[in-house]
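Hi everyone, thanks for coming. Let's take a short tour of a structure that may be new to you. Please have a look at it on the screen, and then we'll walk through it together.

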Amino acid sequence: MFGKFFRDLREISENVLIIVEGKRDKIVLERLGIKNVYTIYELYKINFRKYREAIVLTDNDKKGRRLYKRIKEILEAEDLIVRDNYRRIFYKIIKTRSVEYLNSRIDKIKYIIDYDPLILNGDIFYRDKIMDF
């Protein structure tokens, strides 16, 4: 599910606006191949008419949840649909409160996204190959 979620996020990011809290959050997502990522400090730069939908991935702490509600109001006032389900799934999968947490595991995450290995009984199965684990 982890790999599939991030592959889906990569794919939809071609046409969906992604908002994060800070520069490090933006860098992490861009390193994972996710496009159209803006920080909350770049909201004034965005041409909202270019997008129909948005995903807000502010941190999942008290401050981040407050920011999320405010940004959601701004985006909806601009007639964008905010996809709440991606935020919920994102934090359920990564099991942390911060997007930038992914930076410490970036290479492993890229591998999972690109190859999506299935590990069964100590063997890794991916792209029709089997490797010992």
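Let's start with one serine. Leaving out residues up to four places away in sequence, Ser 13 touches Ile 18, Gly 33, Ile 34, Lys 35 and Asn 36. Keep in mind that this is a predicted model. You'll find Ser 13 in the loop between helix 1 and strand 1. Is Ser 13 buried or exposed? Its relative accessibility is 0%, and buried means under 20%, so Ser 13 counts as buried.

What does the side chain of Ser 13 reach? It comes to 2.7 Å from the backbone oxygen of Arg 10. A polar atom of the Ser 13 side chain also lies 2.9 Å from the backbone nitrogen of Lys 35.

Now let's move to helix 4, residues 84–94. Its buried residues are Tyr 86, Arg 87, Phe 90, Tyr 91, Ile 93 and Ile 94. Looking down the axis of helix 4, you see these buried residues within an arc of 160°, so they line one face of the helix. On the face turned away from that buried side, helix 4 carries the exposed residues Arg 88 and Lys 92.

Finally, the cores. The largest nonpolar core has 22 residues, and within it Phe 6 and Leu 9 touch the most other members. At least two residues each come from helix 1, strand 1, helix 2, strand 3, helix 4 and helix 5. Helix 4 gives the most to this core, with five residues. Another core, of 15 residues, lies apart from it, and includes Leu 17, Ile 40, Phe 48 and Val 82.

Notes. Residues numbered from 1 in each chain as written. Predicted model: local features only at pLDDT ≥ 70, side-chain atom pairs only at ≥ 80, totals over all residues. Heavy atoms only, no water. Buried < 20%, exposed > 50% of the residue type's maximum accessible area, 1.4 Å probe, protein only. Helix = DSSP H or I, 4+ residues; strand = E, 2+ residues; numbered from the N terminus. Arc of directions from axis to C-beta. Core = buried A, V, L, I, M, F, W, Y, C linked by side-chain atoms within 4.5 Å. Polar contact = N/O pair within 3.5 Å; in protein donor to acceptor, adjacent residues only side chain to side chain. Contact = heavy atoms within 4.5 Å.
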